[in-house]
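Please examine the model below. The questions that follow ask how particular structural terms come to be applied.

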Amino acid sequence: MENNRKQQVANSQIATQCGGELQFDVDVNTAMADAVEEVLEGSWDQDLAEALDSGGSDPELEMDMEEELGLGVDVEEGGGIVRVQELPVQQRAKLWKIALNVAGKGDSLSSWDGVLDLPEQILIHTRSQQLLDQLGGVAEEEGRDMVSDVESVVTFYCKSRNITFTPDLSWPHLLKPLLGLQLPRSDLYNCFYAVMNKYIPRDCVVKGRPFHLFRLLLQYHEPELCSFLDTKKITPDSYSIHWLGSLFSSHCLPEVTQAMWDFYLQQADPFLIFFLMLIILVNAKENILQQEGGCREDIIKLLEESPALLESEDIEDLFSLAQYYWSKTPLSLRKENQNLFGSSLVALKEEDMDLSQALCLPVSVPEILQANQLQPEGVRFFVVDCRPAEQYNAGHLSTAFHLDSDLMLHNPSEFSLSVKSLLEAQKQSLESGSIASGEHLCFMGSGREEEDMYMNMVLAHFLQKNKEYVSIAKGGFMALQQHLADINVEGQDNYVHWIVSTSGSHSSLNSADGDLLSSAGDKGVKSLVNKMTFALKSKSVIAKEKMISFIENTSTPVDRISNSLPWPEKGVLDRRHVSSSDRVGKPYRGVKPVFSIGDEEEYDTDEIDSSSMSDDDRKEVVNIQTWINKPDVKHHVPCNEVKETGHMFPSHLLITGTHMYCLREIASRKGLAYIQSRQALNSVVKITSKKKHPELITFKFGNSNTAGVEISAVERYLIPNAGDATKAIKQQIMKVLDALESS
């Protein structure tokens with residue numbers, strides 16, 4: 001490794017980041033596919049504690065190691081790595097078996113007939129012989145035994161897992177360091193199986209998910225290098241597929257690989273391989289960027305051979321740097337990709353995000369909310385809200401900076417000024433120690449693909465400038481709303497802690513926003529919010545007034561339901577709604593009803609939300625008690641309407657023979673309410689609730705035809721005793737549907 005990288009390791013910041021006690025993963029993920037591969041529950045924790053105590057700088061550690069393994073150890077004070085010097089073969093074998101949780105396991109090959117008869121058997125034998133040739137210096141008889149062992153292990157693994165061996169697989173390379181342990185065939189297979197199961201990611205193939213993930217990691221830390229390789233159309237799988245598939249044993253000398261695995265198995269973290277790969281590229285960055293005029297094939301070969309330059313004394317530096325970069329990476333990289341490793345019973349799911357289409361590293365909303373509550377040394381995010389101004393003003397994360405992505409096309413000069421303001425605000429927030437501060441930029445859109453097109457252009461702008469630590473909030477603002485609803489729906493104050501509004505149409509939120517800022521006593525946040533205002537509303541007074549006017553009048557006026565008008569006659573299914581966008585299609589006669597009551601699914605706000613209309617479009621004022629007493633009202637349900645922003649308003653649901661009305665109380669006029677919505681019961685297609693919060697009920701309205709269900713409106717309510725209320729509503733809906741089918 002280069003001297004400047006070693007100097008980095010000596011840096012005290014890295015030493016601090018890499019501090020802490022050595023941890024071992026005791027999770028058992030080696031469930032065998034065949035019944036013959038019996039998993040024996042051994043006393044692994046106890047054995048490992050005896051072989052290598054995790055007590056860090058405890059003086060007894062050296063005594064335990066000397067007594068148990070018969071060698072000297074060098075424990076780095078306050079560090080996370082134990083340097084094991086001159087580890088004998090037998091002791092390394094014992095330590096690896098314990099770390100892989102195979103110590104004491106039975107012979108999985110005992111019930112196999114040993115027949116080598118796979119269609120690809122010649123290929124397996126050839127690869128086994130090539131492996132022996134690479135080792136060199138092996139006696140003839142010992143060499144025959146090694147080839148037989150390798151061929152038997154690979155053949156049985158293929159048979160037991162029903163896998164076809166192909167030339168691109170790195171399994172023989174993976175067996176190379178294990179052969180150096182001089183293990184009996186049964187232990188060789190168990191160790192091989194454990195490494196494959198725990199440390200080799202699934203989908204480790206050309207264009208596989210692990211390589212898309214690694215590209216995002218490279219882009220996060222080294223955007224310049226990533227951009228260079230993208231320009232050359234060099235994808236990670238083209239140079240690192242054997243790195244990942246063999247844990248570097250394909251390109252490193254056996255003694256280097258064994259030294260590397262000593263550290264790797266101690267850490268027991270399968271995701272560490274991505275950071276080792278990253279450090280290999282970081283170390284070779286200068287040489288790679290000098291290949292501007294080189295051809296693609298030559299650069300790939302240069303990259304692929306990079307690990308071959310490693311020497312045993314480089315390994316400690318390699319892992320120290322890997323741990324440092326790990327500490328500067330969002331935890332979502334691990335949490336959102338756990339199913340890359342482990343038992344095959346936990347396969348990749350269809351709904352997993354397609355990382356090949358990800359513009360940059362996605363970060364989960366829970367991590368964004370939790371990160372800035374951590375100590376300064378953790379990953380902290382400076383959140384950039386890229387939604388249009390009207391959406392931002394209606395509700396946004398209290399610590400988010402607003403960068404209107406529309407400006408990039410419509411007003412480039414204003415966009416440039418806004419970017420400068422953003423970077424200055426980030427700098428000042430870091431200097432002041434604000435709770436909004438963060439070295440890592442996280443861009444948040446609406447969560448709707450069409451609306452986020454401009455935000456993606458903004459992201460591309462920052463990435464083209466080689467800005468490091470750039471990520472995107474997975475699911476956008478929609479995911480933020482859903483997460484807050486999932487964790488807490490007990491009161492509005494809890495929402496205002498996270499979500500605030502700057503719209504003049506929500507005076508109560510303005511007050512709450514002010515209370516939040518003043519009570520927090522955080523000048524950094526207040527300064528940040530002021531910067532948002534000046535940076536993004538500096539066009540002109542006229543433009544600002546037009547924007548506010550647009551925000552407060554987002555819907556065209558519609559016909560009102562007069563308080564003096566009679567209720568619709570029974571059996572007449574009036575399809576008129578408070579909003580023209582809420583209109584429901586023709587009753588679905590002859591089509592099987594799709595109404596159901598179940599657990600909440602992903603809340604899709606792409607579906608039209610009737611609660612998104614402003615109060616100015618619902619100006620008909622009615623007397624609550626008068627409407628409750630109307631003869632056609634069959635059920636009255638006091639509740640709170642839950643807006644898309646997470647805020648709640650005291651309301652009343654009134655169920656008649658054909659419709660469901662929502663009356664929202666007017667705080668300043670006791671006993672009076674707006675008619676918030678009016679939905680035909682035959683348009684209810686689904687009622688869902690949350691498992692954790694059964695009082696939070698979502699109504700989805702729409703129409704059904706042979707092409708499927710078209711959702712026209714979504715309304716959410718917090719209803720005490722929701723079970724009784726939904727039961728009554730369901731009974732009334734079924735009556736309406738029965739009447740339709742019989743007509």
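Q: What makes R664 a charge over the ring of F649?
A: The charged end of R664 sits over that ring, 4.1 Å from its centre; the rule requires NZ of Lys or CZ of Arg within 6 Å of the ring centre and within 35 degrees of the ring normal. R387 likewise lies over the face of F477, at 3.8 Å from the ring centre. The model is predicted, so local features need pLDDT of at least 70 and side-chain atom pairs count only at pLDDT 80 or more, while totals for chains, interfaces and linings use all residues. Residues are numbered from 1 along each chain as its sequence is written, and side-chain values use heavy atoms, with hydrogens and water left out.

Q: Why is D269 called buried?
A: Its relative accessibility is 10%, and buried means under 20% relative accessible area (exposed is over 50%, partly exposed in between; 1.4 Å probe, protein chains only). D269 therefore counts as buried.

Q: How do you know that the side chains of D269 and W326 form a polar contact?
A: They are joined at 2.9 Å, and the term covers a pair of N or O atoms within 3.5 Å (within protein, one able to donate a hydrogen and the other to accept it; residues adjacent in sequence count only if both atoms are side-chain atoms).

Q: Why is the ring pair of F275 and W326 called tilted?
A: Rings of Phe, Tyr and Trp (its six-membered ring) pair if their centres lie within 6.5 Å; planes under 30 degrees apart count as stacked, over 60 as edge-to-face and the rest as tilted. The centres of F275 and W326 are 4.4 Å apart and their planes stand at 35 degrees, so the pair is tilted. This pair links distant parts of the chain, with F275 in helix α14 and W326 in helix α16, 51 residues apart. Both F275 and W326 are buried.

Q: What makes the pair of Y239 and W243 edge-to-face?
A: The planes of Y239 and W243 make 65 degrees, with 5.6 Å centre to centre; edge-to-face needs over 60. Both residues lie in helix α12, four residues apart.

Q: Why is one side of β3 and of β6 left without a neighbour in the sheet?
A: Strands pair if DSSP finds at least two bridges between them. The order of the open sheet is β3-β8-β7-β4-β6, with parallel pairing. β3 and β6 stand at the edges with a single partner strand each, so one side of each has no neighbour in the sheet.

Key. Helix = DSSP H or I, 4+ residues; strand = E, 2+ residues; numbered from the N terminus.
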